[in-house]
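These are notes for a colleague who is opening this entry for the first time. Please read them with the sequence and the structure side by side.

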Amino acid sequence: VSLPWGEYGKQIPGADSRTDGLSNTQAMAKAGSPAAKHVTARRDGGFDDWYIPARAEFMALYGNVPELFDKTGWHWTSTQGSAVSAFGQDFGYGHSDWDIKDLERRVRAVRRIPLQHSNA
């Protein structure tokens, strides 16, 4: 789905982490972001902890599993750059850049998978 990041002209407190997409998405949804509200409303697979990846999370996804993403068009990250911009990621060529929040871009929901530590 393509949606605006939303809240153009507003600096959203708590939505500027480059590594914590979950907290960014929660702050975005609280502020009324269409993209974040869409993702946090998901109940796919019996899970309700979906979020929009932060900038660094998307870069890791591009580096490890680019085949899982649509190559046409840009994807929003949950990382806000300013009151008017947020970070976007392209999976066709690997480009990333700041973009205007009121533009419609693809919105991809992800979940965290807890990893277990072993001393074996």
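1. Where is Y8 found? Y8 sits in the loop between β1 (2–4) and α1 (21–31). Please keep in mind throughout that this is a predicted model.

2. The interior comes next. Nonpolar side chains tend to be buried together in soluble globular proteins. Here the largest nonpolar core has 16 residues. Those that touch the most other members are W5, A15, M28, V39, I52 and V107. At least two residues of this core come from α1, and at least two from α2 (34–40).

3. V107 deserves a separate look. Apart from neighbours within four places in sequence, V107 is in contact with V1, L3, A35, V39, I52 and W76. Two of these partners, V39 and I52, are named with V107 among the core residues that touch the most other members.

4. Helix α1 has a buried side made up of G21, N24, T25, A27, M28 and A29. What do the buried residues of α1 pack against? They pack against α2, α3 (55–64) and β2 (74–80). After α1 comes G32, which has a positive phi near 105 degrees.

5. Within α1, T25 is worth checking in the viewer. Is T25 buried or exposed? T25 counts as buried because its relative accessibility is 1%, and the cut-off for buried is under 20%. A polar atom of the T25 side chain lies 2.9 Å from the backbone nitrogen of I52. The T25 side chain also reaches the backbone oxygen of G21, at 2.7 Å.

6. Leaving aside neighbours within four places in sequence, T25 is in contact with A36, T40, Y51, I52 and S78. T25 and T79 are 54 residues apart along the chain, yet their C-alpha atoms are separated by 8.7 Å.

7. Charged pairs are the next item. Side chains of opposite charge can pair when their charged atoms come close. How many salt bridges does a search of the whole structure find? The search finds 7. One of them joins K10 and E7, with 3.2 Å from N to O. K10 counts as partly exposed at 46% relative accessibility, whereas E7, at 14%, counts as buried.

8. D44 and R42 form another salt bridge, in which the closest N and O atoms are 2.1 Å apart. D44 is partly exposed at 34% relative accessibility. R42 is also partly exposed, at 27%.

9. The last pair is R112 and E57, whose side chains meet in a salt bridge at 3.9 Å, N to O. This pair links distant parts of the chain, 55 residues apart: R112 is in the segment after β5 (104–106), and E57 is in helix α3. R112 counts as partly exposed at 36% relative accessibility, while E57 counts as buried at 17%. Salt bridges with shared partners join D20, E57 and R112 into one network.

Key:
Residues are numbered from 1 along each chain as its sequence is written. This is a predicted model: local features need pLDDT of at least 70, side-chain atom pairs count only at pLDDT 80 or more; totals for chains, interfaces and linings use all residues. Side-chain values use heavy atoms; hydrogens and water are left out. Helices (H or I, at least four residues) and strands (E, at least two) are DSSP runs, numbered from the N terminus. A nonpolar core is a set of buried Ala, Val, Leu, Ile, Met, Phe, Trp, Tyr and Cys residues joined through side-chain atoms within 4.5 Å. Buried means under 20% relative accessible area, exposed over 50%, partly exposed in between (1.4 Å probe, protein chains only). Contact means heavy atoms within 4.5 Å. A polar contact is a pair of N or O atoms within 3.5 Å; within protein, one must be able to donate a hydrogen and the other to accept it, and residues adjacent in sequence count only if both atoms are side-chain atoms. A salt bridge is a side-chain nitrogen of Lys or Arg within 4 Å of a carboxyl oxygen of Asp or Glu.
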